[in-house]
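Opening my notebook on this protein. I want to jot down what I looked up, one item at a time.

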Amino acid sequence: MNIGNLIRVHSAALRALLVLTVITGLAYPVLVWAIAQLPGLKDKADGSIVTAGGKVVGSSLIGQLFTDAKGNALPQYFQSRPSNAGTGYDPMASGAGNLGPESIVDTPGDPAQIKAGKSAADAGFKASLLTQVCTRSYGVADTEGMDHTAGVRPFCTADGVGAVLSVIGPRDTTGNVTHPTRVVSVNQPCETTKATFAATYEGIRVECAKYGEDYSAGQIVAIRGAAPADPQVPADAVTASGSGLDPDISADYADLQVDRVAKARHLSADEVRALVRDNTTGRTLGFMGEPRVNVLQLNLALDQKHPARIG
């Protein structure tokens, strides 16, 4: 290739670069921005920001916590579902717990470190998905002033951990233990409980787990217990969403919280329930999903119509 052809090829490439830069780097972004400023689109393009009293209080698309500095639920507000995004609803740490239905055995913490002042998490404790659900259900029942038995879910102990046994003994060809010789409640360490959730299993006394012992040789058996088929605490009250940012709760979870909020605001339950109905969105397109309540918008409506009078 002679020098003339080389200059023409590079000149054409440079012109193409400049043209595409103007089209894709300037014209297209400006066009998209201009379309996003049209009435009906601007609010969504700006992040569906919600304001109150002239101040930005959040987004209708991103959930948030309604707790005090210690993480306790504020009784005058409806509570959001749990979140695994950072410390809770952190848009920069959106994500799920990535635990599945087989996550039923806890990783115990070192009791010596806990006695020395470390938190259970810092001492190595890691709750299984089952125990997280059980603990949250127990906590919701406590927050809503319900009897703790109302928070017991299937496969949960009365004190809010997974009701799981390691059954040790000879097995048949399918892997099931035929004659148990030892049974251990794996999620109930001896350092934190004096009694196991079940006294016996197939005639064998149930022991509580001891830190450092390996029970993986046993068959892991989850015990359903006497929990009702339809627990009073709904599923979205005890499980986080995939993004950790879900701004909505189910109508059932909202209804569960009505009495607490009404009491805190010195209102009748019917007054609060009416606001819940006003802030409930039906199924998308009439058939997809379930009715849902945007927690931020409901709490703002409460503050606007019935300001809290604590005390």
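**Ground rules.** I'm working with a predicted model, where local features need pLDDT of at least 70 and side-chain atom pairs count only at pLDDT 80 or more, while totals for chains, interfaces and linings use all residues. Residues are numbered from 1 along each chain as its sequence is written, and side-chain values use heavy atoms, with hydrogens and water left out.

**Domains.** I looked up the domain assignment: domain 1 is 3–46, domain 2 is 47–97 + 240–310, and domain 3 is 164–222. Such bounds come from an automatic or database domain assignment. The C-alpha centres of domain 1 and domain 2 are 42 Å apart.

**The sheet.** Next I checked the strands (DSSP runs of E, at least two residues, numbered from the N terminus). I found an open sheet of 5 strands in the order E5-E6-E4-E3-E7, with mixed pairing. Strands E5 (200–201) and E7 (219–222) sit at the edges with a single partner strand each, so one side of each has no neighbour in the sheet. Pairing here requires that DSSP finds at least two bridges between two strands.

E3 (164–168) runs antiparallel to E4, with 4 bridges joining them. Isoleucine 168 is opposite arginine 182, and valine 167 is opposite valine 183. E6 (204–209) pairs with E4 in the parallel sense, over 4 bridges. There I spotted serine 185 opposite cysteine 208.
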